[in-house]
Every structure is written in C-alpha cells, then in structure tokens.
Amino acid sequence: MSDHAHASAHHIDVKEFHPRAQAAIHNPKIRQNFRKAMDGLMTKRKSAFEGWDLETLRDLGSNIRMRALANLPDLLEQLEAKLTENGIKVHWAVDADEACKIVRDICVARDAKSVIKGKSMVSEEMELNHYLQEHGIDALESDLGEYIVQLAEETPSHIIMPAIHKNTDEISQLLHDKTGTDLSHDVEYLTASARLQLREKFRNADVGVSGVNFAVAETGTLCLVENEGNGRMTTTVPPCHIAVTGIEKVVPNLEDVTGLLALLTRSATGQHITTYFNMISGPRKPDELDGPEEVHVVLVDNGRSSIFQDDELLDTLKCIRCGACMNHCPVYTRVGGHTYGTTYPGPIGKILMPHLIGLDEGRHLPSASSLCGACGEVCPVKIPIPDLLVRLRQESVDGDKLHPAKVRGHGAKRNSLEAMVWKGWSFMHAKPGLYRMGTGMAAKFHKLQPGNLGAWTKYRTAPKLAPKTLHQRMKERNT
Amino acid sequence: MSSRDTILQRLRNRSGGELRAPACDFSVLKRPDWSTAEKLGLFQKTIESVHAEVHRTTEMDWIEKLIELMAARGVQSLLASNGTEVGHRVTQAAAARDDFPEVRVYDKAIEQWQEELFSTVDVGITSTRGGIAETGTLILWPSSDEPRLMSLVPPIHVAVLYASELYSTFHEAMQKQNWRNGMPTNALLVSGPSKTADIEQTLAYGVHGPKELIVLVIE
Amino acid sequence: MADPIKVYPPKPSKVYFYGTCLIDLFYPDAGMAGIQLLEREGIEVIFPEDQTCCGQPAYTSGYHDQARAVARSQLNLFPEDWPIVVPSGSCGGMMRKHYPDLFKDTPDDVRAAEVAGRVWELTDFLLNVCHIKLKDLGKPATVAMHTSCSARREMGVATVGPALLGQLDNVELVEQVRAEECCGFGGTFAVRHPEISSAMVSEKVDTLVNTGAREFVTTDCGCLMNIDGYAEKNQQPMKGQHILSFLWQRTNDGNGEA
C-alpha cells in the first residue's frame with residue numbers, strides 16, 4: 001500500500017472554492033467558452049434521444065448498473081478469472097498511490113521510459129502523469145483535449161471535453177508556444193499538427209496507458225469509447241498496454257454494454273455512437289501480427305468500497321462518466337470545471353469527490369448547488385444527484401441524529417453560529433403560536449424592515465414584508 | 001492481507017442492507033424488423049452523416065469501384081490483408097492490372113515494418129463482420145489475417161461490407177453472432193473516420209486514425 | 001426508481017390550503033388569489049391555523065433534526081383525507097417527495113407518507129383536478145413565465161402554467177431561451193454562493209427581458225423574490241408576480257376580495 005505521501009501535482013486547495021468561483025464568474029472568456037459549449041452539448045443530447053423511449057432506456061441503464069453493483073465482489077472475481085484466462089494480468093490497488101506504484105513497477109520491469117496515454121479519468125484521480133514524471137518516466141497524453149491541457153500544465157475542466165475552457169485562439173497560442181505550430185484559427189490545421197507530433201510518440205512509446213469504460217466479466221473484455229483513435233493507438237501500438245479502471249466499472253454480461261453504450265454517447269456528446277468502440281479481450285496471440293504483447297488491468301478502489309457500504313450513497317457508483325450532469329448544470333456552466341479544484345467537477349464531482357478526498361476537504365462541494373435537479377433529470381443511469389447532495393450537506397454538518405454521518409471528514413462544515421440559527425428557526429417554526437406572534441410582529445413593523453440583508457441585497461432588493469400576513473388575513477376573513 | 005483481499009473483503013462485508021439485483025429488460029433497444037433495403041438506407045444515411053463515404057456496388061464490380069476511388073485520390077500504396085477474401089481479390093487484381101496502386105500485404109509482425117506502415121501506406125482495406133443500421137456502424141474483428149492496425153494507421157480506411165450482413169442494432173448483432181461465446185483479442189465498432197471536437201467543439205477529422213472512411217457495400 | 005405516475009383525485013368538496021412561509025410574510029396576495037380561485041371552483045378551503053413552514057430551508061441546508069422538528073409540527077394539521085394544496089412547487093416538493101425520507105425510521109413514517117400522498121401543487125390542482133376554465137377579462141398583455149425547478153422536476157407541472165395562461169384569450173405567453181434553467185435562487189444557496197447565484201439570476205433576467213415582455217409570472221415565491229429583486233435592483237424592465245395573482249386578476253369580475 002502507500003509508502004509515501006502523494007504530493008498533488010497542482011497544489012489546489014479544494015476548500016478555496018469561493019475565490020475561484022468569483023474569479024471565474026468575472027472572467028468573460030471562461031463564461032463565454034462554457035456557455036457556448038454547454039448550450040451546444042445540451043441541444044445535441046436532446047436531438048440524439050429523439051424517438052427514444054428515454055425513461056425506459058434510463059431505467060435499463062440504471063438497472064444494468066445496479067445489477068452489476070449488487071454482485072460487485074463476485075463479478076470482480078469473475079472478471080479477474082476471465083481476464084487471466086485471456087492472458088491479461090490483473091492487479092488490485094487499494095488507493096491511488098498503490099495504483100501508481102503498480103503502473104510504475106510494470107514500466108520498470110520492462111525498462112520502459114515513455115508512456116503514451118489515452119483518456120482516463122481514473123489516471124487523473126491517481127495523478128499518474130505527475131507520479132511517473134517524478135520517477136523518471138515520461139507520460140504524454142494523446143487525447144487532443146488532454147494533450148492541450150497537459151501542454152498548458154493544467155487539469156481537465158470537463159471529464160469528456162478536457163480543454164473545453166479554452167477557445168481556438170488560446171489553443172493556437174499554446175500550441176505555438178509549446179510546440180512551434182504556426183498560429184492559426186484553422187482547427188483542421190491545428191489538429192493535423194497535433195496528429196503529426198503524436199504519431200511519432202505512439203510509435204516510440206514503451207507502454208500505453210488507457211482507461212476503461214466497461215469491463216465485462218463473462219468474457220473478460222475491456223471496452224473503450226472514443227472518437228479520435230488515440231485510444232486504439234494507445235492500446236494497440238506500444239508493446240505493453242496498461243488499463244486502469246475503477247472497480248465499479250465491471251458489468252456481468254456483454255449484452256449490458258449495448259444498453260450502456262446507447263446511453264453514454266448520446267448523453268455525453270449527443271452522438272448515436274462514437275467513432276470507435278474498442279473491445280479488448282487479450283494481448284496479441286502468437287499468430288497475430290500486431291497488438292501489445294502484454295496487457296495489464298489495474299483495478300482501483302480509491303474510496304469506492306467506502307461508498308459501496310451505504311445503501312443510499314451506493315448510487316454514486318452507478319455513474320458511467322458521461323458528463324451530462326455538468327453539461328446541464330447551471331453552476332458548472334457559470335464557474336467552469338477548474339473552480340471545483342477536484343478531479344471530477346460538476347454535479348458528479350460534488351457527490352463523488354467528498355468520498356475520495358474527505359468531506360472536510362470537500363466541504364463546499366455539496367453546497368455549491370441550487371438543487372435545481374437538472375443533473376438528476378438527465379443522468380442516464382438515474383443517480384438521484386440532488387438527493388445525494390442533500391445527504392452530503394447533512395453529513396457535512398452532522399445534521400441528523402437519527403442517521404449519523406458516515407463519510408470521512410463529516411461534520412467539518414458545522415459551525416456553532418449556523419447551528420444556533422437553525423435551532424432558533426426550528427424553535428419558532430415548530431411552535432405555531434410563537435410563529436404567528438413573530439410573523440405578525442414582522443408584518444406590523446414592516447416599514448422598519450432593514451434594506452440591507454447582506455449577500456442577498458448585494459445583488460437584489462430585499463423582499464418586502466406585507467402589511468398583513470396571510471394568517472392575519474385569513475383570520476380576519478373568518479371572524 | 002493483499003490489496004485484492006482487502007478490497008473484496010470490504011465489498012463482501014458491506015454495512016448496508018442486502019442488495020437486490022434488478023431485472024434488466026433490453027426490449028427498449030429493439031427496432032422493427034427492417035428489410036435489408038431499409039437497413040442499408042439507414043446505415044448509409046447515418047454513417048454518411050458522420051463524414052463517411054458509402055458506395056453501393058456488387059461482388060463483381062467492387063474492385064473496379066476501388067480502382068476508380070483510388071485513382072481519384074492519387075493513392076500510391078494500399079495495404080491488403082493476407083488471408084481474407086477481400087485481401088485475395090485485391091492482390092489478384094493488383095497482379096492482373098497495371099492501373100492498380102502498389103499493394104502491400106500485411107504479412108509480418110508490426111515490429112519489422114512499423115515505420116514503413118506509419119509513413120508510406122495511403123490506404124488500408126479490410127473486410128467487415130457485418131454492420132449496424134441504427135448507428136451506421138461497421139463491425140471489425142481484426143485477426144492474424146487482418147491485423148488491428150490496418151484500419152487505424154493509414155490515412156484512408158476502405159471497408160467492404162455485405163448488405164446482407166447488416167443488423168438493425170448492436171444488441172441484435174451481438175446476439176445473432178453469439179459474441180459471448182468467444183471474443184477475439186480485439187473487436188471494434190467503427191462509425192466514421194477518426195475525429196475530434198476538442199478544439200472549441202469544432203469538428204476535425206483524422207486526428208489520430210483515418211481521415212477518410214470509405215465503405216464499399218456489396219448488394 | 002421510476003417516479004410514480006400521477007393519479008389525480010376526483011374534485012373534492014374541501015381542501016387544506018398550505019400557504020407557505022414566504023407567501024405568509026411576503027406575498028399574501030398570491031395566497032389569497034389561490035384561495036379565491038379554489039373557492040370560485042366551488043371548493044371549500046380550510047386554512048389550518050397552525051401552519052408555519054414545511055421545513056425545507058433547514059432540510060436542504062443539512063439540518064435534518066431541525067427540519068424534522070418543524071415538519072413534525074405540521075403533520076397533524078391535515079386530519080381529514082382532503083387534498084393538501086400548496087401554491088409552490090418547492091414547498092409542495094418538500095412535502096410530497098421529501099417528507100417520506102425525512103420521517104423514515106421514525107414513528108411518524110406512515111403518517112408522513114400518507115400526508116405526502118395528498119399534497120398537490122395548486123396550479124396543477126386547478127387544471128387537472130378542478131378542470132378550471134378561465135375567462136379572461138383583462139386587456140391584451142404579453143407575459144413570460146418562469147417555472148420553478150421544483151415545480152418542473154419534483155412536481156412535474158412544467159406544462160401546467162402555460163396551459164392555464166393559454167386559456168386567457170388576451171394574454172400572449174412568450175418563452176425565454178433556456179426556459180428550463182434555474183434562476184439561481186435555490187434557498188440558502190443564494191446567500192451561501194451569492195456570486196454564482198447572481199450570475200444565474202442576471203442571465204435569467206436578461207433572457208426574460210429579451211422576450212419583449214415586461215412582466216413575468218412564476219409558480220414559486222422564491223424565484224419571484226430572486227428574479228424580481230434582481231431586476232428591481234438593476235433597474236431592468238421586468239416585473240413579476242405569482243401566477244395565481246395573475247390568474248385571479250385576469251379573471252376576477254369584482255366579486256372577490258383582493
């Protein structure tokens with residue numbers, strides 16, 4: 001297990017959510033880039049599901065995921081057995097550190113110096129690039145968006161579209177500064193230049209590291225969803241392929257991927273299907289002419305087994321990482337992905353990250369939502385995200401004696417002043433006579449109402465107390 | 001205790017209630033029984049909408065069509081497979097005709113000619129294991145005869161598809177071909193040329209894989 | 001789990017009216033309008049005197065003990081099996097959807113679920129239970145509508161407001177872009193994250209103003225406070241009111257109060 005403290009590559013203090021949010025909101029470029037992108041993604045999703053019985057399809061997605069989770073330990077063992085039978089080596093990692101170390105050890109055993117990477121959010125969770133770099137192994141992202149983000153020394157701002165926070169101008173400037181590409185507004189030219197640079201890297205990489213979208217237990221198959229072909233390159237060209245995946249990605253049957261794939265691509269980018277759906281069930285066979293000679297799978301826990309303990313929080317693990325929740329989130333759209341300071345931003349990040357980093361570290365995440373419900377409405381596997389946000393808010397203030405908090409770092413947001421305010425509020429509202437007296441007095445003295453209500457009146461006028469409450473008017477009416 | 005056992009034990013000894021596995025009804029994925037013509041129409045419309053090119057041809061004429069398409073693009077070199085029917089037809093034609101581009105056959109391990117493959121081959125031509133009408137998708141099962149990189153590295157990928165092997169949905173294809181009884185080392189669904197929208201949501205083709213996908217449909 | 005399909009009850013002779021704390025203090029006219037609309041439909045309206053608040057502010061803030069104490073004080077207010085109508089999607093959603101969760105594993109669980117099952121959002125009730133027919137007496141007007149997120153997603157009544165407004169012959173309903181997006185209120189969210197909330201409401205006001213309408217209606221007083229307050233503070237030409245007030249004003253022939 002972990003033998004050293006894992007230093008963050010980016011030194012982001014998750015707790016500093018507010019200043020980052022404020023900066024993002026006052027950054028017109030960020031606002032514009034996200035608004036434009038999210039509007040496009042929402043429109044595309046909607047049209048991709050036209051003609052579908054979407055509720056029934058979402059039920060299927062939810063059931064597929066729940067059926068998998070209900071048998072998770074058995075399925076993982078079945079997956080392991082089947083992968084092993086297929087010639088794929090299986091590794092287990094309790095946390096990110098251990099997962100990093102496994103990848104490094106595989107590289108060291110092969111005397112590998114360079115790693116090419118396909119898109120993998122789990123590897124972002126692990127901060128694998130940073131780790132490998134520290135241990136003298138070059139790790140290069142090959143997904144165009146990830147490549148851009150890596151060149152900019154940033155982290156992805158969206159789980160599907162990592163460089164969505166940047167516009168063409170910014171990317172052109174970045175490619176120019178870092179790779180010498182001519183400045184251009186021509187996206188095709190910029191893309192072609194990246195192709196050229198990365199093809200060399202694919203050819204010479206010692207190891208390819210990818211993520212996994214679905215791992216099928218019955219056949220021992222790793223499924224990868226992508227458009228660019230970098231995932232296929234990563235998993236085919238280098239002599240060794242390492243797939244890193246969260247333990248929750250396993251499904252029992254091959255059939256299951258048909259339902260999940262139908263939901264995933266349409267929810268994510270509004271595509272009926274992506275360009276490539278890559279199903280890997282083994283390393284190169286003796287008579288085959290290409291493909292990696294070694295394939296490894298690293299099954300990463302990193303907090304997932306804790307989430308698995310709780311019947312309500314368990315739903316978090318149904319996630320198939322489509323990003324629809326962030327695409328539809330009015331908060332994400334305003335503040336962008338980096339504001340969250342976490343690997344996974346947006347609604348899914350708000351319910352997932354507290355388990356990975358602790359609710360003390362992530363104390364502001366569950367509150368950064370108006371609970372509008374857009375995320376839950378579009379979630380292809382019906383994760384009740386708003387309900388889980390409320391649950392985590394409860395946990396963050398230890399707010400329910402009947403259901404004691406469980407998440408690591410719970411209670412960190414509780415402060416005695418706010419607790420007192422709610423106690424006072426409860427005292428008054430649980431006693432109708434007292435409530436009527438208080439509200440009646442407020443109405444009577446409505447003209448003395450203060451105009452300054454802090455954060456509220458910074459942007460809005462104060463709501464105006466009525467001269468008589470509804471209670472008073474109804475009482476007058478009945479007498 | 002090993003990490004494996006630690007994880008499995010934590011999962012097995014979970015503190016919550018017993019988890020029930022819900023039934024999964026896949027009938028929502030089912031489509032009407034389309035005729036071959038309907039399936040082909042939908043396949044073509046859908047795959048063309050993502051920038052692929054479809055040419056309807058026949059068993060007799062597809063080589064001719066291929067030559068025409070290659071000539072129009074000024075293709076110099078074409079990669080064919082070693083042991084498939086498609087590869088066989090291509091090498092035969094190449095031997096018989098002088099208007100054919102140079103044909104390379106993928107007959108040695110990638111390590112022996114990787115640079116050549118990456119830098120000199122214009123087109124890879126492969127067979128398919130059928131297609132999917134609903135999503136405009138080709139099914140590819142690379143093999144020792146038809147290795148994985150044929151459909152990935154060359155800038156143009158030509159795929160030969162029999163209209164009679166079109167399925168309505170992915171689900172149907174998988175069931176009818178009984179995939180769960182044995183998967184190849186690598187199976188692929190290909191729906192268009194390689195593309196990205198990572199720069200400001202603007203589509204660009206050929207980012208890592210083929211810039212062009214041409215489907216020859218044999219009716 | 002799929003949401004249960006809504007089964008509307010037959011039109012009752014009596015209902016409980018749950019006014020909500022925001023209406024009680026800030027928008028009693030909207031409450032009166034709702035009551036009068038119900039009465040005009042021949043329904044006797046019972047206003048339980050001991051109503052205070054549904055408990056939602058504490059609930060969504062994570063203070064479930066306090067929310068439960070307040071909500072428990074409300075559970076006894078509806079002893080007969082009459083429907084409970086609420087002029088708010090948000091408070092309605094709290095009672096209908098969240099009371100069962102809040103009282104799970106408590107002695108009040110059965111009662112809470114029973115009460116929850118009788119809760120209706122008022123416009124939905126008027127349209128789909130009372131089958132109200134509105135006769136427009138007002139001058140031609142153009143109006144925009146903001147349906148609250150809870151009315152839309154928790155109570156599933158997004159089509160109700162437009163349908164009611166559609167009955168008014170002289171009213172043209174115009175739709176703003178991104179109509180389904182949150183206005184940024186979100187209860188305590190508006191004061192916990194004032195910058196984000198204001199960024200949301202400013203865009204909401206912009207889209208409303210861009211419809212050309214100069215007034216809007218909404219199902220919820222939280223949204224109303226937020227949108228109206230922002231427009232007023234920033235001198236935007238947009239004024240809002242609760243949809244119930246609007247409906248009552250347009251159709252009242254002078255025989256009612258308010």
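**Close-up views of a predicted model**

**View 1. The contact between chain A and chain C.** In this predicted model, 53 residues of chain A are in contact with 52 residues of chain C. On the side of chain A that touches chain C, the elements that contribute two or more residues are helix 1 (17-25), helix 3 (54-70), helix 15 (330-335), helix 18 (385-396), helix 19 (416-429), helix 20 (432-444), helix 21 (455-459) and helix 22 (470-478) of chain A. Of these, helix 19 of chain A gives the most, with 5 residues.

**View 2. The contact between chain A and chain B.** Here 81 residues of chain A are in contact with 64 residues of chain B, and the residues on the side of chain A that touches chain B are 37 nonpolar, 25 polar and 19 charged.

View 3. Strand 9 (residues 276-280) of chain A pairs with strand 9 (residues 186-190) of chain B in the antiparallel sense, over 5 bridges. Within this view, Ile280(A) can be found opposite Asn186(B), which belongs to strand 9 of chain B.

**View 4. The fold of chain C.** Chain C contains 13 helices and 8 strands. Its radius of gyration is 18 Å, close to the 18 Å that the globule rule gives for 258 residues, so chain C is as compact as a globular protein of that length. Along the principal axes, the C-alpha atoms of chain C fill a box of roughly 55 × 45 × 35 Å. Buried residues make up 58% of the 258 residues in chain C, and, among the contacts in chain C with a separation of 6 or more, 78% join residues 24 or more positions apart.

Definitions and conventions: Residues numbered from 1 in each chain as written. Chains lettered and ligands numbered in written order. Predicted model: local features only at pLDDT ≥ 70, side-chain atom pairs only at ≥ 80, totals over all residues. Contact = placed C-beta atoms within 7 Å. Helix = DSSP H or I, 4+ residues; strand = E, 2+ residues; numbered from the N terminus. Nonpolar A, V, L, I, M, F, W, Y, C, P; charged D, E, K, R; others polar. Pairing = 2+ DSSP bridges. Rg over C-alpha atoms; globule rule 2.2 N^0.38 Å. Buried ≥ 20, exposed ≤ 12 C-beta atoms within 10 Å, placed from the backbone.
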